[in-house]
Amino acid sequence: MKTKKILSLLLAGLLALSVAACGQQTTVTNNDQGSSSEVTSDVTSDTEVGETGDRPTEPTGQLVIGALTPVDNDFYDPSFNNNATNMSMYSLIHGYGAVAFTKEGQFEFDPTVVAEHTETENEDGTKTYTVTINDGLTWSDGTPITAKDYVFTALLENSNEITGVDGYPATGLSTLVGYNEYVSGESDTFAGVHLVDDMTYSFTISAAELPNHYDITYAGLAPRPMSVLAPGCDVEDTENGAKITGDFTTELLTETINNADTGYRYHPEITCGPYLLESYDTASRQATLKVNPEYAGDYRGVKPVIETLVIKTVSNDTMVNELESGSVDLLFSCSGADTINAGLDLVDAGTINDHTYYRNGYGKLQFDCSQFPTDSEKVRQAIAYCLDRNEFARQYSGGYAAVVHAAYGLAQWEYQESIDWINENLNTYDMNIDTAKQLLEEDGWTLNADGTPYSGTGVRYKDVNGELKPLVIEWANSEGNPVSELLATMLPETMAEAGMQLNPTTMDPSTLFTCIDHSGDKIYNMYNLATGFSSANSPWYYYSMDPAYMTSGYNSNWISDQELADASGALKNIPFDDTDTWLTTWQNYVKVWNEKLPDIPLYSDEYYDFFAPKLQGWDATSTWDWAMAVLDAWVTE
């Protein structure tokens, strides 16, 4: 008998309860590769995550981690590549952010990094954070880290010069005073950034951005090695803000960051995270990380004791076999009935351990709302009515997830506090072809190809400024994806019945992402994806009507809707500790989202981690992912 857990919460009676599964977790958006997990009552492992022996005091051993999202040769920043696996590796390679996100889900200044800090409410309505860095922090080559390295990060990442490097978007500190003038190149100083002394810097948030729910995070940049990225340059403070001096140009950064053979993006040799990038194998898409002996610890002072991490690209079809054979030691964030049941068979056999937790995200069909005809809210709603999400979930997940109806995941406290409210207020979009037809008629899709009234069969047409246009939905999906395969069996027939034509195109994930960000050869109407919420989940950016947030990947739906922008934007100025106001505002936001439907939300599930018994002390959660959990864990050989 399998050691499955029951959907015991039944999500507290969620009316449209169903089951589904989703792919790898990301902070922005990621292609859903169909790995999986399960919904349980206590969100703990079936098998005790035992601790055999004491945790070593010195690094030892090796852990091979299987990743469904292919490991890319890109180790600089998510602005270049928001691949889920690489995003986790960034946090292992780069470190010492002044503000930490704790295991308990709070933001706080990292005492390993920060000696002291002050917060000043200024008379003009701005707010200044002044941060002093601890002595003794060093880069991996032993060079001291100072406040200049933090100020350099702010100036580099928001400079006009870096925007010319492979489309890098400079939007990181748009809340600070002087951002617009600095990022545009109008000013060579950043007014809201100051180098106070060798170990102290300050950031000033503009009055228009306050109060800001996450304002502490704007004081929390991590350092960049100026000597590597801008050799010959320096940071200088002026009364008008900090500036970079020397020959600081796009050409310089293109060479130091983007050179395929030597650039920091691909070969970050001097870093300050818990691990160092030792190698990357292009053929196998495998990265090897080694412990950084110079690392002083995370916000708790914890240093890693697993000496070597091998992050290995695996496939959905063979990854459990690799775990069984020992060629992989850990599979994280698994989902989907086939994967989970196969893993639980190994757990029952006593050869593998497991650990499970709710997902902080959801699987979805994502619309590009800038493209005809999915720029129409009614078309998006009609497509939703053509999909039996409950049946999709039943077939795909086999009982390991629940259908969701807006942009939320099972792990979110807002969801847990709002289950009854959700039941009463959100449209569940139960499959109804007649409703889909009605919506399309209301939207003007009432003609045949020859302009006569729609006959009731075939593709609908609409008169758009004197031109007859067909109701064709271009759908991009990824190869080897079981979610795509199931959707391909369920959607075309029902959509055709409603008068829509679905054109699927299968491609590799990298190509798919270029389509989403409008940098590829073609833009599609719809993508099946998955998303995981960042620790500083900020919907006001994801649905901002500012083109900068679309081109930088935040608003990946490319939706320009004032009501949705207002509803999500209302969250921005709520103080972090005002949970009551945040919750009611969040409820209004998801209600508006549920109507506008920039995505068709499919499911949120519970992830399973499966791992070899040699891995000890494993305690990941949806917000404390494998790259964080690995710092506490150890291996026994």
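A salt bridge is defined here as a side-chain nitrogen of Lys or Arg lying within 4 Å of a carboxyl oxygen of Asp or Glu. In the present structure, the side chains of Arg300 and Asp298 meet in such a salt bridge, at 2.7 Å from N to O. The structure is a predicted model, in which local features need pLDDT of at least 70 and side-chain atom pairs count only at pLDDT 80 or more, whereas totals for chains, interfaces and linings use all residues. Residues are numbered from 1 along each chain as its sequence is written, and side-chain values use heavy atoms, with hydrogens and water left out.

The overall architecture is considered next. The protein has 20 helices and 25 strands; helices (H or I, at least four residues) and strands (E, at least two) are DSSP runs, numbered from the N terminus. The C-alpha trace spans about 75 × 60 × 50 Å along its principal axes. For 637 residues, a compact globule would have a radius of gyration near 26 Å, and the value of 25 Å found for the protein agrees with this. That radius is taken over C-alpha atoms, and the globule rule is 2.2 Å times the number of residues to the power 0.38. Buried residues make up 60% of the 637 residues, where buried means under 20% relative accessible area, exposed over 50%, and partly exposed in between (1.4 Å probe, protein chains only). Contacts (heavy atoms within 4.5 Å) were also counted. Of those with a separation of 6 or more, 73% are accounted for by residues 24 or more positions apart.

A search of the whole structure finds 25 salt bridges. Another salt bridge is formed by Asp188 and Lys243, whose closest N and O atoms are 3.2 Å apart. Asp188 lies in the loop between helix H4 (179-183) and strand S7 (193-197) and Lys243 in strand S10 (residues 241-245), so the pair ties together parts that are 55 residues apart in sequence. Asp188 counts as partly exposed, at 47% relative accessibility, whereas Lys243 counts as buried, at 19%.

Helix H13 (residues 433-442) contains the buried residues Ile433, Ala436, Leu439 and Leu440. These residues lie on the same side of H13 because they cover an arc of only 120° around the axis, the arc being that of the directions from the helix axis to the C-beta atoms. The buried residues of H13 pack against helix H9 (377-385) and helix H14 (482-498). A salt bridge also joins Lys378 to Glu442, with the closest N and O atoms 3.1 Å apart. This pair links distant parts of the chain, since Lys378 is in helix H9 and Glu442 is in helix H13, 64 residues apart. Lys378 is partly exposed, with a relative accessible area of 27%, and Glu442 is partly exposed at 44%. At the start of H13, a side-chain oxygen of Asn432 reaches to within 3.1 Å of the backbone nitrogen of Asp434. After H13 comes Gly444, which has a positive phi near 95°.

Thr256, in helix H6 (residues 250-258), counts as buried at 13% relative accessibility. Its side chain reaches the backbone oxygen of Leu229 at 2.8 Å. Asp546 is found in the loop between helix H16 (539-542) and helix H17 (547-551) and is partly exposed, with a relative accessible area of 36%. A polar atom of the Asp546 side chain lies 2.9 Å from the backbone nitrogen of Ala548.

Several loops show particular backbone features. A cis peptide bond joins Leu210 and Pro211, with omega about -10°; Pro211 lies in the loop between strand S8 (200-205) and helix H5 (226-229). A cis peptide bond also joins Phe372 and Pro373, with omega about 5°. Asn465, although not a glycine, has a positive phi of about 55°, and counts as exposed at 80% relative accessibility.

Methods
A polar contact is a pair of N or O atoms within 3.5 Å; within protein, one must be able to donate a hydrogen and the other to accept it, and residues adjacent in sequence count only if both atoms are side-chain atoms.
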